[in-house]
Amino acid sequence: MTNFTEITIKEFSRVIEKYNISITIDELIKRYNERHRYFHTAKHLNQIMENLASYCLSIDDYDELILITMFHDIVYIPWSELGYSEKESANFFLNVFPCFSDYNNLRKNVYYAILNTYNHVDNTENQKLFNRLDFGFLLDTTDFAELVEYERCIFKEYQFLDIDTYIEKRINFLNSIVDKNTLIGQLINYVENREYKIGIYPGSFNPWHVGHEDILNKAEKLFDKVIVVKAINPDKDATEAANQFELLKKQLPDREVIFVEGNIITKLFANNIRNPHLIRGLRNCEDLIYEEKYLSLCKEYHSDLRYVMFLSNEE
């Protein structure tokens with residue numbers, strides 16, 4: 001878990017008390033450490049606050065920018081429809097910020113600034129400055145390794161997309177800012193040519209439980225992403241299978257979940273998934289014996305199949 005820095009806690013606490021905002025620092029930290037966040041985290045807010053401190057601003061402008069920083073990503077659901085997170089973040093702010101007449105202009109300014117982070121419109125000087133703070137490192141950095149780490153985090157946040165879709169959308173975005181930093185062109189090339197290490201985690205998952213979650217979490221430490229594959233028996237009721245698949249997607253909205261009917265290995269190789277590794281979970285010695293037989297059978301279909309076994313926790 002990433003915590004807020006001392007300056008972030010000090011300034012957030014000050015505006016919370018000053019404007020009687022119905023939220024605590026602990027609640028903010030919890031929000032910005034949700035499991036699907038890798039870039040839009042407490043660390044990102046710390047960076048914005050550190051850079052904001054270097055500007056000479058009036059106290060009113062400073063408070064406004066702190067509030068925008070605090071709430072602009074308070075709701076972050078990248079798999080939702082475009083603009084949803086910004087809208088919900090703006091509404092969240094309205095719900096916790098008091099409706100005192102003395103603060104009406106501030107309330108309105110922060111609300112619209114949060115909404116405008118969707119397309120980074122600069123309707124006011126403070127919105128322009130915040131957009132600069134929000135994207136500053138991306139435009140100013142001279143360290144390509146920093147951009148690669150940024151890209152890794154964004155990729156993890158959008159791992160629910162298939163890789164080809166992700167690459168297409170990502171390159172479209174990077175092309176829109178390619179003239180802002182000479183390193184962006186190199187980053188585009190990196191995204192296009194990166195060798196992604198992909199884990200394939202198949203199973204019936206009926207239901208998905210903590211043991212499956214444990215194996216998935218362990219696998220994600222080794223692979224760039226893990227695709228969860230719902231295996232469907234074609235001889236079973238199609239409606240029931242479809243319902244199970246939809247339930248699994250709801251349980252794992254931040255991961256890519258696909259279904260395969262019939263022979264999993266043949267279907268996955270036919271889909272040209274990049275650099276796949278089969279993931280299997282082991283609970284005991286009996287599982288190991290079963291998996292050895294299963295993998296031997298799989299290799300009859302694809303002799304170059306790569307796989308990794310993970311021991312599940314005892315509990």
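Hi everyone, let me start with a quick check on helix α12, residues 238-251: at 1.5 Å a residue, its 14 residues should span 20 Å, and the end C-alpha atoms are 20 Å apart, which agrees. Bear in mind as I go along that this is a predicted model.

Staying with α12, which of its residues are buried? They are A241, Q244, F245 and L248.

The side chains of K249 and E246 meet at 3.4 Å, N to O. Both residues lie in α12, 3 residues apart, which is about one turn of the helix. As a reminder, an α-helix has 3.6 residues a turn, so residues three or four places apart point the same way. K249 is partly exposed, with a relative accessible area of 33%, and E246 is partly exposed as well, at 38%.

Let me zoom out to the chain. There are 14 helices and 5 strands, and the C-alpha trace spans about 70 × 40 × 35 Å along its principal axes. Of the 315 residues, 47% count as buried. If you take contacts between residues at least 6 apart in sequence, 71% of them join residues at least 24 apart. For those of you who like surfaces, the accessible surface comes to about 16900 Å², and 50% of that belongs to carbon and sulfur atoms.

In soluble globular proteins, nonpolar side chains tend to be buried together. Here the largest nonpolar core has 38 residues, and the members that touch the most others are F4, F12, I21, L28, L67 and F71. The elements giving two or more residues to this core are α1 (6-18), α2 (25-31), α3 (42-52), α4 (59-71), α5 (84-96), α6 (104-115) and α7 (125-140). The largest share comes from α4, with 7 residues.

Last topic, salt bridges: a search of the whole structure finds 15. One of them joins K18 and D63, with the closest N and O atoms 2.7 Å apart. K18 lies in helix α1 and D63 in helix α4, so this pair ties together parts that are 45 residues apart in sequence. How accessible are the two partners? K18 is partly exposed, with a relative accessible area of 38%, while D63 counts as buried at 0%.

Another pair is K225 and E256, whose closest N and O atoms are 2.6 Å apart. It links distant parts of the chain, with K225 in strand β2 and E256 in the loop between α12 and β3, 31 residues apart. Are K225 and E256 buried or exposed? Both are buried.

Finally, salt bridges that share partners join R35, E213, E220, D254 and R255 into one network.

Notes. Residues are numbered from 1 along each chain as its sequence is written. This is a predicted model: local features need pLDDT of at least 70, side-chain atom pairs count only at pLDDT 80 or more; totals for chains, interfaces and linings use all residues. Side-chain values use heavy atoms; hydrogens and water are left out. A nonpolar core is a set of buried Ala, Val, Leu, Ile, Met, Phe, Trp, Tyr and Cys residues joined through side-chain atoms within 4.5 Å. Buried means under 20% relative accessible area, exposed over 50%, partly exposed in between (1.4 Å probe, protein chains only). Helices (H or I, at least four residues) and strands (E, at least two) are DSSP runs, numbered from the N terminus. The expected span of a helix is 1.5 Å times one less than its number of residues. Contact means heavy atoms within 4.5 Å. Accessible areas come from the Shrake-Rupley method with a 1.4 Å probe; for residues, only the protein chains shown count as cover. A salt bridge is a side-chain nitrogen of Lys or Arg within 4 Å of a carboxyl oxygen of Asp or Glu.
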